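Q: Could you take a close look at one part of this model with me? I would like a connected walk through it.
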Amino acid sequence: MNANSRLRYRPDWQGGPRQVYLEGEAYFDVAPSGDQQSFTVTTPNQVQVQVLATQFMVRERARTTQVVLKDGRIHVNLANSGARAADLRLHPGDYVELVDGLNTITRKKVEPGQYTAWKDNRLIFQDTPLEDILSRLKYEYGYQVEVKDSTLLKESFTGSYSSLRVEALLTALARSFALEVKQDQQQIILGHQVRL
Amino acid sequence: MIKKLLSKHPILMLEMPDPTQVVYTLSTGLLLIFFIIGLGFCTTAQELISSFNPQSPPPSSDLHQQPLSEILDQIARKYQLSFGFSPKYIKGKFVDPKILKLNLRLDQLLTRVLHPLELHFEKVDERNYVIYPARISKLESKSVFKAGLPLLPDPVKICQSKLSGNSGPG
């Protein structure tokens, strides 16, 4: 489980379908049960990820659910989520994103490693929108992030940093986009771009 | 005596060319040799220039240019480090991979790769470098035309990247 996440399950489970409820972000490595029972992850916006045995990541932040499959096959059940599609079958490297309240599903191929790097204390970004990077700082580090120039959020960034030392990432962002970055305890302010 | 001999044996005349013709043939040959050497030098020079001007896409005749992103991947693997950058500054830029075979220190190598592309690098920590566009300061003269007067020079002095000039506002 990543930081700022919660997983609920039945401690007295003794057989039958395996069901857990996730708020936040977790990486699952599911071993097959002897009786081939499925394993289901349900997020707060009723997205259900159903598997038999596989490795995958589920992230639910700010009413957005992301699922990335590393290995095996999974079914993403959206029947109760309000989305038009009822069932999605994912193959290794598939990424699915669903925003609660919107009827759009983003599906693409990705390198799963960058979505599961947090397990190894790494933050890996590959052409990642700044908005997503700042979202991680907010949800996983508890920072209040203020952006003076909202056009910045559409910029993208590539890099790999230790998740234990976020200062290197902030310095790189400051240099890359010619920003003034101020860090004050739990607040980060990204100043205006320096126009030269 | 010679004239008599030549008149009797005209074949000898053919074997004895006119000295001016010899000089002409020799000079033409030399010119041709210089032209070929010069052509070879120009081609080499052109190749050298193109190898150090990697900003433009590789010409169709030169298949040896590699995308900058791939070159950076190779440097990152070799030196066990990581680069951070905004991809828009890296896309569409090419480098001759031969540069990787040169025996250079890391900072020399990065300078040789990035500076011709108007990119800078900075060490963030032991394993992280950030790449960003060279910030180019623009200077604008404050002198303006006044009716009937010539444009006056507006000198500026650059001191450690901070600008100072003797032109006041307006």
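How many helices and strands does chain B have, and which residues are buried in helix H5 of chain B?

A: Happy to! Please keep in mind that this is a predicted model. Chain B has five helices and seven strands. Read from the N terminus, its elements follow the order α-α-α-β-α-β-β-α-β-β-β-β. Chain B has 170 residues, of which 23% count as buried. Among contacts in chain B with a separation of 6 or more, 51% are made by residues 24 or more positions apart.

Now to the helix you asked about. H5 of chain B covers residues 106-114, and its buried residues are B:Leu106, B:Leu109, B:Leu110, B:Val113 and B:Leu114. Viewed down the axis of H5(B), these buried residues lie within an arc of 110 degrees, so they line one face of the helix.

The contact involves 19 residues from chain B and 17 residues from chain A. Together the two chains bury about 1400 Å² between them, with 52% of that on carbon and sulfur atoms. There are four salt bridges between chain A and chain B. One of the salt bridges joins B:Lys91 to A:Asp127, with the closest N and O atoms 3.8 Å apart. Six residue pairs between chain A and chain B are in polar contact, both residues being at pLDDT 80 or more.

On the side of chain A that touches chain B, the elements giving two or more residues are strand S13 (156-162) and helix H3 (167-176) of chain A. S13(A) gives the most to that side, with six residues. As for H3(A), this helix is mostly covered, with seven of its 10 residues buried. Those buried residues are A:Ala168, A:Leu169, A:Leu170, A:Ala172, A:Leu173, A:Ala174 and A:Ser176. After H3(A) comes A:Ala178, which has a positive phi, near 50 degrees.

How values were computed: Residues are numbered from 1 along each chain as its sequence is written. Chains are lettered from A and ligands numbered from 1 in the order in which they are written. This is a predicted model: local features need pLDDT of at least 70, side-chain atom pairs count only at pLDDT 80 or more; totals for chains, interfaces and linings use all residues. Side-chain values use heavy atoms; hydrogens and water are left out. Helices (H or I, at least four residues) and strands (E, at least two) are DSSP runs, numbered from the N terminus. Buried means under 20% relative accessible area, exposed over 50%, partly exposed in between (1.4 Å probe, protein chains only). Contact means heavy atoms within 4.5 Å. The arc is that of the directions from the helix axis to the C-beta atoms. Buried area is the accessible area (1.4 Å probe) that two parts lose on being put together, summed over both. A salt bridge is a side-chain nitrogen of Lys or Arg within 4 Å of a carboxyl oxygen of Asp or Glu. A polar contact is a pair of N or O atoms within 3.5 Å; within protein, one must be able to donate a hydrogen and the other to accept it, and residues adjacent in sequence count only if both atoms are side-chain atoms.
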